[in-house]
Amino acid sequence: MCDEKTQLRADEFLRNRGEISRREFGKVSAAVGLGMMLPAVANAQELGAQELNERDVEITTPDGVADCYFTYPASGSHAAVLVWPDILGLRPAFREMGRRLAMSGYSVLTVNPFYRSARSPVVEVGASFGQPETREIVLPMARQLNADTHFTDARAFVSWIDEQPEVDTSRGIGTTGYCMGGPMVMRTVAAVPDRLGAGATFHGGGLATDADESPHLLIPDTRAHMLHAVSEDDDADEPEVKNTLAAAYEAAGIPAEIEVYEGTLHGFCSIDSQVYHEAQAERAWSRLLNLFENALA
């Protein structure tokens with residue numbers, strides 16, 4: 001989970017590498033397009049950008065109206081994927097990541113988890129968690145979310161997904177979550193276990209804690225096959241988490257792939273992250289596609 005320790009490590013990493021600042025990065029990415037940052041789509045269908053459709057949508061939940069982004073192949077119906085962004089919310093980088101997933105043949109809903117507070121994007125392009133002004137925006141919104149909101153949002157979003165003609169409801173739904181989206185994934189697969197066939201977390205925080213509402217306690221109530229891509233620094237902070245998760249999945253008889261990605265820092269899979277690690281992010285992405293191919297049949 002994003003906190004002062006993870007940011008200090010990111011700052012040290014950038015100092016050592018002499019990276020451009022996140023604000024400078026934002027200017028560059030806005031100029032050249034985030035899509036150019038992504039490698040060719042591994043295992044994708046033969047789809048061109050013009051063969052994807054996309055639309056901004058509004059989804060009614062018990063707490064209001066969530067603004068979300070929906071993208072999908074231009075023809076046919078497909079297995080759906082629900083994407084929970086990291087603490088910076090729905091923004092151009094996650095729209096691009098959603099499009100890339102749609103290129104592999106999925107109907108992808110990427111949500112604004114902060115819709116109770118503001119429409120997306122809640123931060124400007126190039127903003128980073130390392131900026132005090134950015135933390136002042138996102139942390140209060142993140143603190144409004146909890147296990148209850150995760151459950152109610154998950155049910156509302158899955159219900160909306162199943163009403164879309166672009167979704168093949170004979171196939172299971174997948175869900176992915178980054179950073180704070182990790183617990184949302186685990187609660188989603190528990191909230192609608194009969195529809196969720198696969199879940200994946202990338203540098204997810206708070207997956208196994210001592211709290212009564214710890215996500216790992218829900219594992220016996222789930223059916224989804226799981227993938228957990230763990231950053232090396234997160235594992236160093238909490239080395240017992242991976243073992244707790246593995247034991248819970250084994251006891252429940254649920255297939256789960258849990259791996260610590262060597263040489264990575266928290267945030268390594270988000271394409272606009274300060275610490276994006278292309279090689280390891282690509283390996284995690286390939287494992288995600290493998291998971292979906294096998295679990296959402």
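Reader: Over the ring of which residue does the charged end of R135 sit?

Author: This is a predicted model. In it, the charged end of R135 is placed over the ring of F129, 6.0 Å from the centre of that ring.

Reader: How many aromatic pairs does a search of the whole structure find?

Author: The search finds 7 aromatic pairs. A pair of aromatic rings is described by the distance of the centres and the angle of the planes. One of the pairs joins Y106 and F292; their centres are 5.6 Å apart and their planes stand at 65 degrees, an edge-to-face arrangement. Ring pairs also link F70, Y72 and W160 into a cluster.

Reader: Which parts does the pair of Y106 and F292 tie together?

Author: Y106 belongs to the loop between α3 (92–103) and β4 (107–111), whereas F292 is in helix α9 (residues 278–295), so the pair connects parts 186 residues apart in sequence.

Reader: Are these two residues, Y106 and F292, buried or exposed?

Author: Y106 is buried, its relative accessible area being 6%. F292 is likewise buried, at 0% relative accessibility.

Reader: How should helix α5 (residues 147–161) be read in terms of its span?

Author: With 1.5 Å a residue, the 15 residues of α5 should span 21 Å, and the C-alpha atoms at its ends are 21 Å apart, which agrees. At the start of α5, a side-chain oxygen of N146 comes to within 2.9 Å of the backbone nitrogen of D148.

Reader: How many residues of α5 are buried?

Author: The helix α5 is mostly covered, with 11 of its 15 residues buried. Among them are H150, F151, D153, F157 and W160. W160 also belongs to the ring cluster with F70 and Y72.

Methods:
Residues are numbered from 1 along each chain as its sequence is written. This is a predicted model: local features need pLDDT of at least 70, side-chain atom pairs count only at pLDDT 80 or more; totals for chains, interfaces and linings use all residues. Side-chain values use heavy atoms; hydrogens and water are left out. Rings of Phe, Tyr and Trp (its six-membered ring) pair if their centres lie within 6.5 Å; planes under 30 degrees apart count as stacked, over 60 as edge-to-face and the rest as tilted. Helices (H or I, at least four residues) and strands (E, at least two) are DSSP runs, numbered from the N terminus. Buried means under 20% relative accessible area, exposed over 50%, partly exposed in between (1.4 Å probe, protein chains only). A charge sits over a ring if NZ of Lys or CZ of Arg is within 6 Å of the ring centre and within 35 degrees of the ring normal. The expected span of a helix is 1.5 Å times one less than its number of residues. A polar contact is a pair of N or O atoms within 3.5 Å; within protein, one must be able to donate a hydrogen and the other to accept it, and residues adjacent in sequence count only if both atoms are side-chain atoms.
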